[in-house]
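Please walk through the structure shown below, with attention to its ring pairs, one of its sheets and one of its helices.

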Amino acid sequence: NETSLYQSNEVEKTLDFLKQKGHLYEQDGALWFRSTAFGDDKDRVVKKSSGEYTYLAPDIAYHRKKFDRGFNWLVNFLGPDHHGYITRLKAACQALGHNAGQIEVRIVQLTTLYRKGEPVRMSTRAGEFITLKELVQEVGSDATRCFFVMRKIESHLDFDLDLAKEKSQENPVFYLQYGHARIASLLKFADKKVNLSADTGLLGTDEEKDLIKRISEYPKVLMKAGETLEPYRLADYLRDLSASFHKFYSQHRIVTEDVSLTEARLLLADCARITLRNGLSLLGISQPESM
């Protein structure tokens, strides 16, 4: 909480630190940060002549506190009107003794909430807005997380409140969870332990090969999502994996009189379930076993 930075005197301590390093100077009664020394287009006021701090002062203290706590790579997500803030934050981190590459700033686009096809009107000036807490209370944390994570951060998000509450295949979170629940129900119906040494050589249909291919892509997708800070890649992958399983399920009987083939298909289904479970868990979305 920003208040804690003032209560612990971190803001003033940070300004004192920058003063000692020669990165602050006084002019016209105000205290200025010499950010042009680190690539900014102009120096920035950190303390007004009235004695008030600017937004930048506690922000620098916040980042200093993060570094002091042992973190060596900071990732910030700012709103679409904060492009100009990136350079001064990088300048601040360099003034604190770190390099510009130790802070990553991503710009996140706005979200529009829709109810019954109409945008929900919000105005911060009029005090009319829906908080994230209220959104979670209305549609649940699973749907909230899924809707926010399934878009690129640079893409505007239209959040359909009615769709988020639907129990249908059109609802992205329901679709993902249904895939996991369907496999769990299948394994329960089969009423037998998955044979890890089943003969997977029996799996030769197009749908089986496609599902195997999808499952094998999971590590690569996960690494790419992490490297690029783009969790939507994982959400996209899980949707494709679910679609691949549903196609396999609709085209082939899994539990048959052929014991060997049944064991092979149950093993394949369980691998898909484990992958879905792991992916949903990473996104903070629950993995129901029945729906």
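In which helix do phenylalanine 245 and phenylalanine 248 lie, and how many residues apart are they? Both belong to helix α11, at a spacing of three residues, about one turn of the helix. This is a predicted model. The mean pLDDT of the protein chain is 93, with 100% of its residues at 70 or more. Confidence is lowest in strand β7 (residues 118–119), where the mean is 90, and highest in α9, where it is 97.

The aromatic pairs number nine. One of them joins phenylalanine 148 and phenylalanine 159, with 5.8 Å from centre to centre and 50 degrees between the planes, a tilted arrangement. This pair links distant parts of the chain, since phenylalanine 148 sits in helix α6 and phenylalanine 159 in strand β8, eleven residues apart. Phenylalanine 148 counts as partly exposed because its relative accessibility is 38%, a value between the limits of 20% and 50%. Phenylalanine 159, with a relative accessible area of 0%, is buried. The pair of phenylalanine 245 and phenylalanine 248 is edge-to-face, because the planes of the two rings are at 65 degrees, and their centres are 6.0 Å apart; the cut-off for this class is over 60 degrees. Both phenylalanine 245 and phenylalanine 248 are buried. Ring pairs also connect Phe147, Phe148 and Phe159 into a cluster.

Strand β8 leads on to the sheet. Three strands form an open sheet in the order β7-β6-β8, and the pairing is mixed. β7 and β8 (157–160) are at the edges and have a single partner strand each, so one side of each is left without a neighbour in the sheet. Strand β6 (residues 111–115) pairs with β7 in the antiparallel sense over two bridges. Tyrosine 114 has proline 119, in β7, as its bridge partner. Helix α6 (residues 141–149) packs on this sheet and touches β6 and β8, and its direction makes about 155 degrees with that of β8.

The last stop is helix α9 (residues 206–216), whose buried residues are Glu207, Glu208, Leu211 and Ile215. Why are they on the same side of α9? They cover an arc of only 100 degrees around the axis, and therefore lie on the same side of the helix. Asp206 and Ser216, on the other side of α9, are exposed. The cover over the buried residues of α9 includes α10 (218–228), α11 (232–251) and α12 (259–282). Of these, α11 is the helix that holds phenylalanine 245 and phenylalanine 248.

Technical notes
Residues numbered from 1 in each chain as written. Predicted model: local features only at pLDDT ≥ 70, side-chain atom pairs only at ≥ 80, totals over all residues. Heavy atoms only, no water. Buried < 20%, exposed > 50% of the residue type's maximum accessible area, 1.4 Å probe, protein only. Helix = DSSP H or I, 4+ residues; strand = E, 2+ residues; numbered from the N terminus. Arc of directions from axis to C-beta. Contact = heavy atoms within 4.5 Å. pLDDT = per-residue confidence, 0-100. Pairing = 2+ DSSP bridges. Axes fitted to C-alpha atoms, helices over the stretch in contact; angles between N-to-C directions. Phe/Tyr/Trp six-rings, centres within 6.5 Å; stacked < 30°, edge-to-face > 60°.
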